[in-house]
Amino acid sequence: MLNCEIKDPALALAGRQRIEWACREMPVVKLIRERFAKEKPLKGIRISGCLHITTETANLALALKEGGAGVILCASNPLSTQDDVAAALVEYGIPTNAIKGEDEATYYKHINTALDNKPQLTVDDGADLVTTLHTKRTDLIKDVVGGTEETTTGVVRLRSLEKAGKLRYPIIAVNDAQTKYLFDNRYGTGQSTIDGITRATNILWAGKKVVICGYGWCGHGIALRARGLGSHVIITEVEPVRALEALMDGYQVMPLMEAARVGDIFITISGDKNVIDKAHFEVMKDGAILANSGHFNVEINIPALESLARSKRRIRPFVDEYTLDNGCHLYLLGEGRLINLAAAEGHPASVMDMSFANQALCLEYMVKNRERLEPKVYPVPEEIDKQVARLKLNSMGIEIDALTPEQEKYLTSWEEGT
Ligand SMILES: NC(=O)c1ccc[n+]([C@@H]2O[C@H](COP(=O)([O-])OP(=O)(O)OC[C@H]3O[C@@H](n4cnc5c(N)ncnc54)[C@H](O)[C@@H]3O)[C@@H](O)[C@H]2O)c1
């Protein structure tokens, strides 16, 4: 067995079984894996992946390995690792360094170990691997052909790197594929965030005032599911079009300073920093619950919360009770990290099927087109996005109509009017 830093190799059997279970819901990745096994499009390519170490990621990694790649993995978040999956991956011959709850120093050590593999392709979720490569391991960049990025926050960071003229190799923004954000961000984050908060607290959602900070695709999904459970949803936003959309979708919209006084549960999902801050904590009701599902643990200002608290205790796993000087108790879930991955299992495999099908096909595309791609952030090629949707529909046994030649002509011409 490879020498990897994981929690416990004895967990491998449990991990294998759960990876197999997820595979049942990942028919598109399975099809790609079967094709990759025959065609070997990634033959001899070294891939370093910084991803949430979950059953779905394991299925992606196995597909890449079947495609001929040498894959090494590390976690993209210190709290999201499923230790049994890490153990199984090592057994499958995919070196993995990740331990749930690892401290920041270990987290970066594991990123560096993944980079020691001298990647030709990088697969990132949040851009920590790419950032480390561009700042501390620049000697390795010459070998890199390209990469992919999984999430909104990572794409934001990469675009800013590109704008500063410092991005050194091409990266495809997988997050921005329609078959990614419309399903993973909306339905995946929607369901799994509610799942994480429920598992951590066992609260009843019906009748609660749920404040959602950020009405992007993830915010849409969380709001939809919270409403479905009978919560009164309040949206806070900084972007007027999205605020208007939230209002017309039937939610209350108000500044967070107002919402802070009435909310029972607060969920940040903005990709932004210090969204819930000191002034908000000071006016919150006794018993308010705070959770984050955005990529980094910066959306809730935890140092400010600590500074207001006279005591803190862990009252249940993933629930820290802060007693403030004003006597109120506030409950922070999962240390302010992605609650769906910290306290639950992340997205259901069925949506990750599409996100990771995009990943696998984009990596193949990157290798095929390596000569002509420049150091830029590229969108997912439309044909890949459409192919993923088509394969997913097929796997569900759903057929759709096709344009007739007459309709095709009509939709691409300007001559016909009333
Ligand atoms: N938990 C998960 O598994 C998961 C999955 C996908 C994405 N994400 C992460 O979730 C975050 C949101 O993703 P998205 O795709 O919805 O992004 P998005 O950019 O589509 O939406 C974010 C929204 O937050 C708003 N916002 C920014 N600052 C704000 C503030 N101070 N107050 C209120 N609203 C504010 C923006 O105007 C925007 O409408 C990102 O960090 C992304 O990486 C997490």
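The structure is a predicted model, in which local features need pLDDT of at least 70 and side-chain atom pairs count only at pLDDT 80 or more, while totals for chains, interfaces and linings use all residues. Residues are numbered from 1 along each chain as its sequence is written, and side-chain values use heavy atoms, with hydrogens and water left out.

Seven strands form an open sheet in the order S3-S2-S1-S4-S5-S6-S15, with parallel pairing. Its edge strands are S3 (96–97) and S15 (377–379), each of which pairs on one side only. Helices (H or I, at least four residues) and strands (E, at least two) are DSSP runs, numbered from the N terminus; two strands pair if DSSP finds at least two bridges between them.

Four bridges link S5 in the parallel sense to S4 (residues 121–124), and aspartate 124 is found opposite glutamate 149 of S5. From S4 the chain passes through helix H6 (residues 128–135) to reach S5, a β-α-β crossover that is right-handed. The term right-handed applies if, with the strands pointing away from the viewer, the path from the first strand over the helix to the second runs clockwise. Strand S6 (residues 171–173) pairs with S5 over three bridges, again in the parallel sense. Glutamate 149 has alanine 173 as its bridge partner in S6, and threonine 148 stands opposite isoleucine 172 of that strand. The way from S5 to S6 leads through helix H7 (residues 152–163), and this β-α-β crossover is right-handed.

A second open sheet has eight strands with mixed pairing, in the order S9-S8-S7-S10-S11-S14-S13-S12. Strands S9 (252–253) and S12 (309–316) stand at its edges with a single partner strand each, so one side of each is left without a neighbour in the sheet. In this sheet, S7 (residues 209–213) and S10 (residues 265–268) run parallel and are joined by four bridges. Cysteine 213 has threonine 268 of S10 as its bridge partner.

Attention now turns to the ligand. There are 25 residues around the ligand, and Thr151, Thr152, Thr153, Glu237 and Ser293 come nearest (a residue is near a molecule or strand if one of its heavy atoms lies within 4 Å of it). The residues of this shell divide into six nonpolar, 15 polar and four charged; here Ala, Val, Leu, Ile, Met, Phe, Trp, Tyr, Cys and Pro count as nonpolar, Asp, Glu, Lys and Arg as charged, and the others, Gly among them, as polar. Helices H7, H8 (178–201) and H9 (217–228) each supply at least two residues of the shell.

Several polar contacts can be described (pairs of N or O atoms within 3.5 Å; within protein, one must be able to donate a hydrogen and the other to accept it, and residues adjacent in sequence count only if both atoms are side-chain atoms). A side-chain N or O atom of threonine 151 is 2.7 Å from an oxygen atom of the ligand. For asparagine 185, a polar side-chain atom lies 2.9 Å from a ligand oxygen, and for cysteine 218 a polar backbone atom is 3.0 Å from one. Taken alone, the ligand exposes 860 Å², and the protein buries 86% of that (areas come from the Shrake-Rupley method with a 1.4 Å probe; for residues, only the protein chains shown count as cover).

Two backbone angles also deserve a look. Most residues other than glycine have a negative phi. Lysine 40, although not a glycine, has a positive phi of about 50 degrees; lysine 40 lies in the loop between helix H2 (27–39) and strand S1 (46–51) and is partly exposed because its relative accessibility is 35%. Alanine 127, in the loop between S4 and H6, has a positive phi of about 70 degrees, and counts as buried because its relative accessibility is 1%.

Note on methods: Buried means under 20% relative accessible area, exposed over 50%, partly exposed in between (1.4 Å probe, protein chains only).
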